[in-house]
Amino acid sequence: MGSLPAIDERSLTYPFARRNESVVDNYHGVDVPDPYRWLEDPDSKETKEFVEKQVILTDSVLKTCEIRDKLREKLTKLFDFPKYNVPFRAGDKYFYFHNTGLQPQKVLYVQDSLDGKPEVLLDPNTLSEDGTVALSMCAVSKDAKYLAYGISSSGSDWVTVKVMRVEDKRDEPDTISWVKFSNISWTCDSKGFFYSRYPAPKNGEKLDAGRETNANLHQEVYYHSLGTDQSDDVLCWKDSENPMHRHIASVTEDGQYVLLYVFRNCDTVNQLYYCDLSALPNGVASYQGRGDALPFSKLVEYFDASYDYVAHNGTVFTLLTNKDAPKYKLVRVDLENPDFWFDIIREDEKDVLQSAVAVNENQLLVNYLRDVKNVLQLRDLESGSLLHHLPIDIGSVTGISARRKDDSVFIGFMNFLIPGLIYECNLKGEIPELKVFREIIVPGFDRTEFQVNQVFGPSKDGVKIPMFIVARKGMSLDGCNHCLLFGYGGFNVSMTPHFSAARVVLAKHLGVVFCLANIRGGGEYGEEWYKAGALSKKQNCFDDFISAAEYLVSAGYTQPHKLCIEGESNGGLLVAACINQRPDLFGCALAHVGVMDMLRFHKFTIGHAWTSDFGCSDKEEEFHWLIRYSPLHNVRRPWEQFANIGFVQYPSIMLLTADHDDRVVPLHSLKLLATMQYVLCTSEEKSTQTNPIIGRIERKAGHGCGRPTQKLIDEAADRYAFMAKELGAAWIQ
């Protein structure tokens with residue numbers, strides 16, 4: 001069985017966690033206890049003591065993982081390779097991000113030409129001693145004179161925006177606070193930019209931003225004029241009647257229009273407004289102090305589909321949409337005749353149209369997803385007709401960078417065995433010329449030692465689920481391989497092939513086979529695939545993932561006690577739900593920053609936006625969906641539940657969270673950790689659960705973005721050393 005204990009496993013002494021049996025919520029006539037409600041307060045003494053005791057417990061377990069130091073050493077060595085992002089242009093300059101190898105954060109460079117000498121423009125590694133201040137977003141003004149950049153601390157989603165002069169790299173006094181879930185979009189005159197912010201939290205000046213749990217409400221759009229105080233910024237849009245809505249303002253490349261996107265949650269629908277900036281005689285700054293919003297006009301009034309700007313000629317707009325097209329299409333509409341829409345590129349029968357970028361004045365670079373691999377095409381902007389296929393390898397397009405006036409495009413690419421390629425595509429001639437501009441090389445990695453296969457296995461209802469399998473060449477299908485199965489399955493996110501130094505180390509030195517399951521709930525096959533794993537159909541995600549694990553066993557890749565499952569965020573929920581439902585199928589589980597309390601997630605920070613995927617316990621029908629799979633509410637003793645099939649216990653479990661995760665707040669993992677340790681380990685005098693259940697709680701880190709390199713290495717060493725010990729994987733020199 002997957003949950004048999006390791007032979008040398010010792011019984012752990014778990015910390016005591018007080019249960020308050022008086023906390024009971026009534027949901028539509030159903031009483032639901034919540035004895036660890038007190039763990040929702042991150043600042044209470046009791047919560048801090050609980051966290052500290054869990055840290056001590058986890059450290060004691062990790063010290064018994066013999067390969068931990070070897071793993072950290074190999075990870076450090078393989079992580080030490082130069083990393084580059086796709087270059088982008090502004091004015092007559094080029095900009096790109098680069099990490100020399102083990103720098104905590106990537107550095108922003110500028111150069112006057114592709115052949116010019118690169119200069120450091122902004123190095124976030126100088127902003128903190130421990131590398132926990134990250135550059136989370138940036139935008140260069142159209143004339144390339146100014147850089148507006150956002151920094152975040154300790155992994156929090158909160159961003160502070162500052163402005164730098166590009167020429168002499170000196171900071172201006174401008175400081176914009178309490179920015180979150182925003183972009184930065186300059187007006188064409190380089191006099192200022194649009195951004196989105198929330199009201200300052202209570203005690204904002206004293207707040208350790210990122211540790212609070214209160215809901216993010218009333219996001220507003222502002223315009224900041226250079227050289228002014230934030231208090232003088234122009235309020236461009238607010239919606240007091242819909243406090244949960246989020247808003248993004250984006251200026252078109254020619255500077256004529258500012259577009260306003262309105263999102264009510266994480267669903268693939270939005271409203272779209274526009275404002276003709278050329279019709280404002282004195283510019284946006286003339287609205288300072290007026291208190292009324294900019295004169296936006298509605299283009300899309302209803303939340304009936306997704307609408308994303310691609311290009312415009314005059315008042316004729318080209319948009320990417322899923323309106324009556326679950327695999328997306330390009331449409332066109334004239335602002336002067338907004339009731340008449342027509343297709344430019346129709347929906348494909350099989351491939352998902354992921355993006356379209358206007359280039360070379362009158363052409364489109366179109367990116368499709370075909371069976372979870374990207375395909376690039378060059379098309380005519382006016383007619384949508386196909387001009388050329390661009391020959392790229394099997395894998396993922398990681399970035400496309402070009403302005404409409406540019407006759408060359410930068411394209412980022414990677415797959416499981418290619419750490420990174422940046423192509424430059426020259427569009428001057430009749431046939432596009434695609435050449436490698438920069439190749440990312442990882443010393444010590446030989447891609448010819450590995451193989452990648454894509455298989456399609458049936459889920460519970462017969463639907464074929466794609467899965468990538470990465471292994472060393474010569475692997476035998478004898479059931480003796482250790483496997484790591486990863487999944488996500490939510491929010492229309494497509495999990496495409498990508499390179500991971502950590503997984504190379506696992507394959508090379510532990511013989512681990514890595515598997516990526518493209519389960520429903522993601523965007524791999526468009527809107528229908530996404531909706532088939534959301535709301536009342538969320539169980540399909542768990543069925544798909546369980547079926548992928550069963551396939552790996554039946555096909556001879558592994559056995560349950562050699563199989564580890566891993567997932568992050570929504571994928572953390574996936575892992576936790578699956579070990580509740582099939583504890584016998586897995587030997588180990590790594591659940592990162594998961595949504596674990598499905599009855600209360602909407603009450604914290606931005607959780608209310610996830611009701612489009614999960615539903616909400618405030619509604620009776622949706623409560624019954626959620627209570628069936630909510631990880632926190634479905635922990636059962638499997639030796640009682642599965643008594644008819646022999647002895648079963650939970651697999652070895654590591655729940656990972658971080659103290660400044662203000663996306664999926666730590667209380668989710670902490671409450672589940674306390675619940676599992678009680679129900680499975682401490683509530684019986686002599687527990688049958690001998691596999692460890694521990695939590696790794698990172699300090700000065702958040703949901704994942706902006707985490708410095710050393711923290712990434714340390715966490716990977718910890719979780720995979722734990723996995724190796726629990727699966728019995730031996731080190732291969």
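Visitor: Which residues form one aromatic cluster?
Guide: The model is predicted, so local features need pLDDT of at least 70 and side-chain atom pairs count only at pLDDT 80 or more, whereas totals for chains, interfaces and linings use all residues. Residues are numbered from 1 along each chain as its sequence is written, and side-chain values use heavy atoms, with hydrogens and water left out. Rings of Phe, Tyr and Trp (its six-membered ring) pair if their centres lie within 6.5 Å; planes under 30 degrees apart are stacked, over 60 edge-to-face and the rest tilted. One aromatic cluster is formed by Tyr146, Trp186, Phe193, Tyr195 and Tyr222.

Visitor: How many aromatic pairs are there, and what is the geometry of Phe181 and Tyr198?
Guide: By this rule the count comes to 35 aromatic pairs. Phe181 and Tyr198 form a pair with 6.4 Å between the centres and 85 degrees between the planes. The geometry of this pair is edge-to-face.

Visitor: How many residues apart in sequence are the parts that Phe181 and Tyr198 tie together?
Guide: Helices (H or I, at least four residues) and strands (E, at least two) are DSSP runs, numbered from the N terminus. Phe181 lies in the loop between β11 (170-179) and β12 (185-186), and Tyr198 in the loop between β13 (192-197) and β14 (220-225). The pair therefore ties together parts whose separation in sequence, in residues, is 17.

Visitor: Is Tyr198 buried or exposed?
Guide: Buried means under 20% relative accessible area, exposed over 50%, and partly exposed in between (1.4 Å probe, protein chains only). Phe181, at 23%, counts as partly exposed. Because its relative accessibility is 3%, Tyr198 counts as buried.

Visitor: What kind of pair do the rings of Phe601 and Trp610 make?
Guide: Both Phe601 and Trp610 are buried. The centres of their rings are 6.1 Å apart and the planes stand at 15 degrees, so the pair is stacked.

Visitor: What is the C-alpha separation of Leu510 and Trp731?
Guide: Leu510 lies in helix α3 (residues 501-510) and, at 4% relative accessibility, counts as buried. Not counting residues up to four places away in sequence, Leu510 touches several residues (contact means heavy atoms within 4.5 Å), including Ile67, His482, Ala724 and Trp731. Although Leu510 and Trp731 are 221 residues apart along the chain, their C-alpha atoms are separated by 5.3 Å.

Visitor: What separates the C-alpha atoms of Ile422 and Phe601?
Guide: Ile422 is placed in strand β30 (residues 421-426) and, at 2% relative accessibility, counts as buried. Among the residues that Ile422 touches, not counting those up to four places away, are Tyr84, Val86, Phe410 and Phe437. Phe601 is 179 residues from Ile422 along the chain, and their C-alpha atoms are separated by 40 Å.

Visitor: What is the phi of Ala144?
Guide: Ala144 is placed in the loop between β8 (133-140) and β9 (146-153). At 4% relative accessibility, Ala144 counts as buried. Phi of Ala144 is positive, in a residue other than glycine, and its value is near 65 degrees.

Visitor: What is the relative accessible area of Ser569?
Guide: Ser569 sits in the loop between β36 (563-568) and α6 (570-581). Phi of Ser569 is near 65 degrees, a positive value in a residue other than glycine. Ser569 is buried, with a relative accessible area of 14%.

Visitor: What is the radius of gyration of the protein?
Guide: The protein's secondary structure comes to 11 helices and 39 strands. The radius of gyration is taken over C-alpha atoms, and the globule rule is 2.2 Å times the number of residues to the power 0.38. For 733 residues that rule gives 27 Å, and the protein is as compact as a globular protein of that length, because its radius of gyration is close to this, at 26 Å.

Visitor: What share of the contacts with a separation of 6 or more joins residues 24 or more positions apart?
Guide: The C-alpha trace spans about 80 × 60 × 50 Å along its principal axes. Buried residues make up 60% of the 733 residues. Among contacts with a separation of 6 or more, the share from residues 24 or more positions apart is 59%.
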